[in-house]
Amino acid sequence: MSIESVLSDELLERFRKRAGGYDEANSFAHEDFQELVELGYLKALLPQDQGGLGWSFEQLALAQRRLATAAPATALAVNMHQVWSGVAYLLVARGDHRLDMVSQWIAEGEVMAFGISEPGNDAVLFDSKTTAQTQSDGSVIFTGTKIFTSLSPAFTRLGVFGKDQDTDELVHGFVAKGEGVESLGDWNTLGMRASQSHTTKLRSALAPAAWVHSRLPVGPTADLLIFGIFASFLTLTASVYAGIAERAVALGADAMNKRSHQDGSKYSQDVRARGILADAAMRMIALDALQRSVSRDLDELVDHGAEWFPRLVTFRTLAGDTARDNVQSAGQLLGGGAYFRGSEFERLYRDVQASWYHPSNAASAANTVASWLVGPLDD
């Protein structure tokens, strides 16, 4: 099935109309999410014989962008499920089957979420403040705090990791929603409100032995799991912001076609306004090319070697920068009416600010690229 047949224009318009209400009420996008479930969108990467849509990773990335043009917070919420689906997809394409259980869960209707980020942990995947206690049967008990847990009202399986104090290893596994997994219900933010990305407390949360899939050293590692998580998370998250950037161009163009100066001349004939819109469109064209290149190369198993991480963080960084710049440009073209509470522009202006905070942030991305070019910073 094509992206447009699943995420139809009619569906996007419904989502766009509902987005303001979710934002105002600071509530989860329940209706949006249910429609996506019924369409099989959460199974997009699964083969059709497993009940999926049989999409490539590039198709999913472009679909997330399309979804975000209508409802960025809905797209960001479902993104966390799609990230785990993407990790499993990218690993198996490279001969690594340790996350086959994730694909099986998704086929059975489970909803995945991401429990990686922790307060005050700038090391992200390379260290953890969460403790992981390995039991005699191989199961692991996780205790700690995870932040930005999108899909909190809907997820059924949470991917987590923590540090084993006995072995100093980072242990990766999954826990089920329920005992030991507590959502604090604290998501009351500037934007992306419908994602309901609550803080999650792990209070002796149990991962069965079969759900513990990786034990890695502290610090950077070449393990394929780390590549898969970075590749899926950065690409799909960037795709959400690419959608905001694209929508901003559309809003600007629509405004220019509708607005007139006092003398009756159209804004579409105003050279300054045309320049603002053209700059935004050129940024979007460049971002589109980068999105397609990165996601297609992941599908085609292109070996960029040490250049892969610079490419991924560059896409993620430029997506956020372009989205913020394009929303700013749209604001210059829309007029004062868009400044009022409840307009689509006002919501996008707040939603796009979340792009500052997703890993990898601008400083981390710059260090990744510089380290690739001239080596790491001295200790």
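Predicted model: local features only at pLDDT ≥ 70, side-chain atom pairs only at ≥ 80, totals over all residues.

User: Rings, then. How many aromatic pairs are there?

Analyst: The count is 13 aromatic pairs. Rings of Phe, Tyr and Trp (its six-membered ring) pair if their centres lie within 6.5 Å; planes under 30 degrees apart are stacked, over 60 edge-to-face, and the rest tilted. Take Trp 84 and Phe 114: their ring centres are 4.9 Å apart and their planes are at 40°, so this pair is tilted.

User: Where in the chain do Trp 84 and Phe 114 sit?

Analyst: Trp 84 is in helix 5 (residues 72-93) and Phe 114 is in strand 1 (residues 112-115). Helices (H or I, at least four residues) and strands (E, at least two) are DSSP runs, numbered from the N terminus.

User: Are Trp 84 and Phe 114 buried or exposed?

Analyst: Both Trp 84 and Phe 114 are buried. Buried means under 20% relative accessible area, exposed over 50%, and partly exposed in between (1.4 Å probe, protein chains only).

User: What about Phe 230 and Phe 309? How are their rings arranged?

Analyst: Their centres are 5.5 Å apart and their planes are at 80°, so the pair is edge-to-face. Phe 230 is in helix 7 (residues 224-258), and Phe 309 is in helix 9 (residues 308-334), 79 residues apart. Phe 230 is buried at 13% relative accessibility. Phe 309 is partly exposed at 29%.

User: Which residues form the aromatic cluster?

Analyst: Trp 84, Trp 105, Phe 114, Phe 174, Trp 211 and Phe 233 form one cluster.

User: And which charged ends sit over a ring?

Analyst: Here are two. The charged end of Arg 259 is over the ring of Tyr 267, 4.1 Å from its centre. Arg 324 has its charged end over the ring of Trp 356, 3.6 Å from the centre. The rule wants NZ of Lys or CZ of Arg within 6 Å of the ring centre and within 35 degrees of the ring normal.

User: New topic. Where is Thr 130?

Analyst: Thr 130 is in the loop between strand 1 and strand 2 (131-134). It is buried, with a relative accessible area of 1%. Its side chain joins that of Glu 118 in a polar contact of 2.7 Å. A polar contact is a pair of N or O atoms within 3.5 Å; within protein, one must be able to donate a hydrogen and the other to accept it, and residues adjacent in sequence count only if both atoms are side-chain atoms.

User: What does the side chain of Gln 291 reach?

Analyst: It reaches the backbone oxygen of Ala 61 at 3.2 Å. The side chain of Gln 291 also makes a polar contact with the side chain of Ser 239 (2.9 Å). Gln 291 is in helix 8 (residues 271-299) and is buried, at 1% relative accessible area.

User: And Asn 79?

Analyst: Asn 79 lies in helix 5 and is buried at 0% relative accessibility. Setting aside neighbours within four places in sequence, Asn 79 is in contact (heavy atoms within 4.5 Å) with Gln 64, Leu 236, Thr 237 and Val 240.

User: On to strands. Why is strand 5 called largely enclosed?

Analyst: Because six of the eight residues of strand 5 (residues 169-176) are buried. Strand 4 (residues 157-163) runs antiparallel to strand 5, joined by seven bridges. Strands pair if DSSP finds at least two bridges between them. Strand 5 also pairs with strand 8 (residues 212-217), antiparallel, over five bridges.

User: What lies between strand 4 and strand 5?

Analyst: Five residues, and the two strands form a hairpin. Asp 168 in the turn has a positive phi of about 60°.

User: Last one: which residues of helix 3 are buried?

Analyst: In helix 3 (residues 30-38), they are Asp 32, Phe 33, Glu 35 and Leu 36. Down the helix axis they fall within an arc of 160°, so they line one face of helix 3. That arc is of the directions from the helix axis to the C-beta atoms. Their cover includes helix 2 (9-25), helix 4 (57-68) and helix 5.

Methods. Residues numbered from 1 in each chain as written. Heavy atoms only, no water.
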